[in-house]
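Subject: The structure, and what was found in it

Dear colleague,

Here is the structure that I promised to hand over to you. Please have it open while you read the notes that follow.

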Amino acid sequence: MTEAFVVIGGDAAGMSAASKAKREAPAREVVVLERSEWVSYGACGLPYYVKGEIDSLDDLIAIPAERFREERDIDLRTGHEATGIDRDRQQVTVETDDGESYRIGYDDLLIATGAGALEPPIDGLDAGNVFTLQEMNAGRELKEALAAAEYDRIGVIGGGYIGIEMAEAFRGRDLDVTLFEMREHVLPPFGTAAAETVEDELEDNGVDVRTGTRVQALEGDGGVETVRTDAGAVPVDAVLVAAGVEPNVELAEETGIDLGPTGAIETDEYGRTSDDAVYAAGDCAEMSHAVTDEPAHVPLALTANRAGRAVGATVGGDPTPVGDIAGTAVLKAFDLAVARTGILDERELRDAGFDPVSVSITSASRAHYYPGGSEIEITLVGDRETGHVLGASIVGREGVAKRIDPIATAIQSELTVEDVEYLDLSYAPPFGPTWDPILTAAKVLNGKLE
């Protein structure tokens, strides 16, 4: 009998691992257990599906299930939910949509159960007109509700990625939107300067932004009619809860697999858990942060795909580290793009043993004489002692995604701010000034460090 590699979860990490393991070891049995009907999908596209810019959920599927089965020879079982793990017998208990139950043995097991929508401790979340947007069926439910119901006013709880993107999506459907964020600014990991610019953009596009406002309850008769906060009540017709995500670790926790300090599953450099036969990858697992070398939980698409592929290679016979993460991300807020990498929070950096120094500069996105340019704002953080780049945020109307990536590369390559100042970046008038804003920010910060 061939050794069995069983994967729990059929999205980014799970299908990347299954595909890579099958390529590395074609004779090996690879089984994927996915509780829903969806596999290998781009949940990041759901706000644009709800807005109406993407017509069908099927458009978000990267690779159809049948291709995994027929072309990649993977035993993909949709509608099969893993409900328990017996580590002594190396078996997984499975329940199907048809009500059947069975056990499957494994030689290697990957837990790739992702993350679920975080439920804040407020009353009224179980009402029929309260929605989340963490997976495909939730996106379908929300879009169908918007089409069927006469909603005029919607509240969004949370000013993170999904909250910002969905505020834009709802405005695109001509809904009045009130966004509630209990912290002083939206997008905390992006830093204050970027957050304030995004807040202004939201307000300019008709979003009522209420930062520093804690939601206490969702109230109404037969459905939510009011969002009650510590600063008063706001009438609504529906609510989207986008308060963040939490890793789905129940299976691991129940079977005694160690969780890390972030609450996600603890893993080593190869994605192994505290059980050598069990791996974890994706939004349910920790990874090492490139800045601090400490465990971090940063649920992002590339992180999941990359870690899953590495686990698949290791299981297939080619030991491959999952790598560090820098938390690099970019999102759209109406006409703005906002990006970040590394760590910008100076208190967090001091707690990690750094002496952070930061600068914020405003530059032009194109050469000053070339038409169509706009301002671009960069915050760059470095360590006074080593000179290393620790983090950055960029916000503007063009050229943002292009510019965050070299800084992410600098962080993961342990370059200094001076190294960044002397990078040989591309230049042409339609794309940037001679001194790219990245170089200018590094030059200013290096002077401050010296």
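Before anything else, a word on burial: a residue is called buried when its relative accessible area is under 20%, exposed when that area is over 50%, and partly exposed in between, with a 1.4 Å probe and protein chains only. Please keep in mind that this is a predicted model, in which local features need pLDDT of at least 70 and side-chain atom pairs count only at pLDDT 80 or more, while totals for chains, interfaces and linings use all residues. Residues are numbered from 1 along each chain as its sequence is written, and side-chain values use heavy atoms, with hydrogens and water left out.

I begin with the salt bridges. Side chains of opposite charge can pair when their charged atoms come close. A salt bridge here is a side-chain nitrogen of Lys or Arg within 4 Å of a carboxyl oxygen of Asp or Glu, and the structure holds 25 of these salt bridges. One of them joins Arg384 to Asp355, with 3.4 Å from N to O. Helices (H or I, at least four residues) and strands (E, at least two) are DSSP runs, numbered from the N terminus; in these terms Arg384 sits in the loop between E24 and strand E25 (389–396), whereas Asp355 sits in the loop between helix H9 (346–351) and E23, so that the pair links distant parts of the chain, 29 residues apart. Arg384 counts as partly exposed because its relative accessibility is 42%, and Asp355 is also partly exposed, with a relative accessible area of 36%.

A second salt bridge is formed by Lys51 and Glu168, whose closest N and O atoms are 3.1 Å apart. This pair, too, links distant parts of the chain, since Lys51 belongs to helix H2 (residues 46–51) and Glu168 to helix H5 (residues 161–172), 117 residues apart. Lys51 counts as partly exposed at 21% relative accessibility, whereas Glu168 is buried, with a relative accessible area of 4%. Both residues also take part in a network of salt bridges that links Lys51, Glu53, Glu168 and Lys332.

The side chains of Asp73 and Lys22 meet in a salt bridge of 3.5 Å, N to O; because Asp73 lies in the loop between helix H3 (65–70) and E3, and Lys22 in helix H1, the pair ties together parts that are 51 residues apart in sequence. Helix H1 covers residues 12–24, and Lys22 counts as buried there, at 10% relative accessibility. Contact means heavy atoms within 4.5 Å; if we leave aside neighbours within four places in sequence, Lys22 is in contact with Arg28, Glu29, Val30, Arg72, Asp73 and Ile74. The C-alpha atoms of Lys22 and Gly312 are separated by 7.9 Å, although these residues are 290 residues apart along the chain.

Ala12 lies in helix H1 as well, and Ala12 is buried, with a relative accessible area of 18%. Apart from neighbours within four places in sequence, Ala12 is in contact with Ala304 and Asn305.

Next come the sheets. Two strands are said to pair if DSSP finds at least two bridges between them, and on this basis 5 strands form an open sheet in the order E3-E2-E1-E7-E18, with parallel pairing. Strand E3 (75–78) and strand E18 (278–280) stand at the edges, each with a single partner strand, so one side of each is left without a neighbour in the sheet. Within this sheet, strand E1 (residues 4–8) and strand E7 (residues 108–111) pair in the parallel sense over 4 bridges, and the bridge partner of Ile8 in E7 is Ile111.

Another open sheet has 3 strands in the order E4-E5-E6, and here the pairing is antiparallel. Its edge strands, each pairing on one side only, are strand E4 (80–86) and strand E6 (101–105). Strand E5 (residues 91–96) pairs with E6 in the antiparallel sense over 5 bridges, and Val92 stands opposite Ile104 in E6.
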